[in-house]
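The following note collects points for a colleague who is reviewing the model. Please read them alongside the coordinates.

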Amino acid sequence: MMMLVNCSGCRTPLQLPQGAPCIRCAICGAVTHVAAAPAPGPGPGPLADPARGPPPPPAHGRKRAVIIGISYRFSRHELKGCINDAKCMRHLLTTRFSFPDDSIIMLTEEQTDPFKIPTKHNIRMAMYWLLQGSQPGDSLVFHYSGHGAQQRSYSGDEADGMDETFCPLDFETQGMIVDDEINTALVRPLPHGAKLHALIDACHSGTALDLPFLCRMSRTGQYIWEDHRPRSGVWKGTSGGEAISFSGCDDHQTSADTSALSKITSTGAMTFCFIQAIERGEAATYGSILNSMRTTIRNTGGGASIAGGGAVTSLISMLLTGGSGGTGGLKQEPQLTAGDMFDVYAKPFSL
């Protein structure tokens, strides 16, 4: 029999094996000691009533975020801009959208805490933490900047026969994280009244969350929602919440890691364009954000000069770690997917 106990450090609910005197949290590394078994029924203290399910993590408030940036340094897969992306996204959330600093878990290779290195296990635990105890009114953000890939799907749920995947730091030994698992961890548990925004800056990321609907937008800004619900009838939506994802490219495309946009240092093209749309006042609606991102990337691909990024360029200057001499020629189209269809030009954007 397992019982739930709140971590003494970050308050994440942990499953304590029967008879175990303590447990270590995989998120913050804190060791929580349990003096005695819980008395029946609810009561004070860190132990939760299993009949009522895990409690919300009160230490983190109503806004929470997981930010992942993986550079794969010292490997043949190395990326230059992903850690910059993570730092910029954290700055945006804390300064522009009032996310408490202690409500954000950031996984990068720069972290000294071994539980915050972006390994497969740590990413899985961070996704669990983000949704654990979510309730009406919560605003959750999941940002991933790193390698994405595809692999053959044998479930019959993918129209193109391919699953989209994330590549953790240790993917060569531990394997990739498949979109079915991402959907199960981030989308399916989302309760009524809670909202999740996912920002996926990776190759082959169009449907990385396996959300039911994709907004197919033309170059003129006209759009139509495509139904991506599996033919098997498996439900890929939420438990009543609102899930929306911006991704760097379509499933068959690659996503750039480049210095062509900032002119200063390498960033992920999608992350840069998303932040720039907000800083330029082009983020009133989801449609205006998507159009802004696509226009910026299209102009860069066509060799046009990109205007200064204002606050974004200043932020990247602050984070400057050295340019990579990237070039233009971007051939990606950011995508918007959602759990439900809506008017992208009428729905206001908010985090």
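1. Tyr 72 is buried, with a relative accessible area of 2%; buried means under 20% relative accessible area, exposed over 50% and partly exposed in between (1.4 Å probe, protein chains only). The phi of Tyr 72 is positive, about 55°, although the residue is not a glycine. Tyr 72 lies in the loop between strand E5 (63-69) and helix H1 (82-96). Helices (H or I, at least four residues) and strands (E, at least two) are DSSP runs, numbered from the N terminus.

2. On provenance, this is a predicted model, in which local features need pLDDT of at least 70 and side-chain atom pairs count only at pLDDT 80 or more, while totals for chains, interfaces and linings use all residues. Residues are numbered from 1 along each chain as its sequence is written, and side-chain values use heavy atoms, with hydrogens and water left out.

3. Phe 74 lies in the loop between E5 and H1. Phe 74 is not a glycine either, yet has a positive phi of about 65°. Phe 74 is exposed, with a relative accessible area of 79%.

4. Lys 195, in strand E11 (residues 195-201), is buried yet has no salt bridge. A salt bridge is a side-chain nitrogen of Lys or Arg within 4 Å of a carboxyl oxygen of Asp or Glu. The nearest side chain of opposite charge is that of Glu 242, 5.7 Å away; Lys and Arg count as positive and Asp and Glu as negative, with His and the chain ends not counted.

5. Which side chain forms a polar contact with that of Lys 195? The partner is Ser 350, at 2.8 Å. A polar contact is a pair of N or O atoms within 3.5 Å; within protein, one must be able to donate a hydrogen and the other to accept it, and residues adjacent in sequence count only if both atoms are side-chain atoms. Leaving aside neighbours within four places in sequence, the residues in contact with Lys 195 (heavy atoms within 4.5 Å) include Asp 138, Leu 190 and Leu 351.

6. The structure holds eleven aromatic pairs. Rings of Phe, Tyr and Trp (its six-membered ring) pair if their centres lie within 6.5 Å; planes under 30 degrees apart count as stacked, over 60 as edge-to-face and the rest as tilted. Tyr 144 and Phe 166 form a stacked pair, 4.1 Å centre to centre with 10° between the planes. Tyr 144 lies in strand E7 (residues 139-145) and Phe 166 in strand E9 (residues 162-166), so the pair ties together parts 22 residues apart in sequence. Both Tyr 144 and Phe 166 are buried.

7. The ring centres of Tyr 286 and Phe 342 are 5.5 Å apart and their planes stand at 65°, so this pair is edge-to-face. Tyr 286 belongs to helix H6 (residues 286-301) and Phe 342 to the segment after strand E17 (335-338), 56 residues apart. Both Tyr 286 and Phe 342 are buried.

8. Helix H5 (residues 269-279) is mostly covered, with ten of its eleven residues buried. Among them are Met 270, Phe 274 and Gln 276. H5 is followed by Gly 281, whose phi is positive, near 75°.
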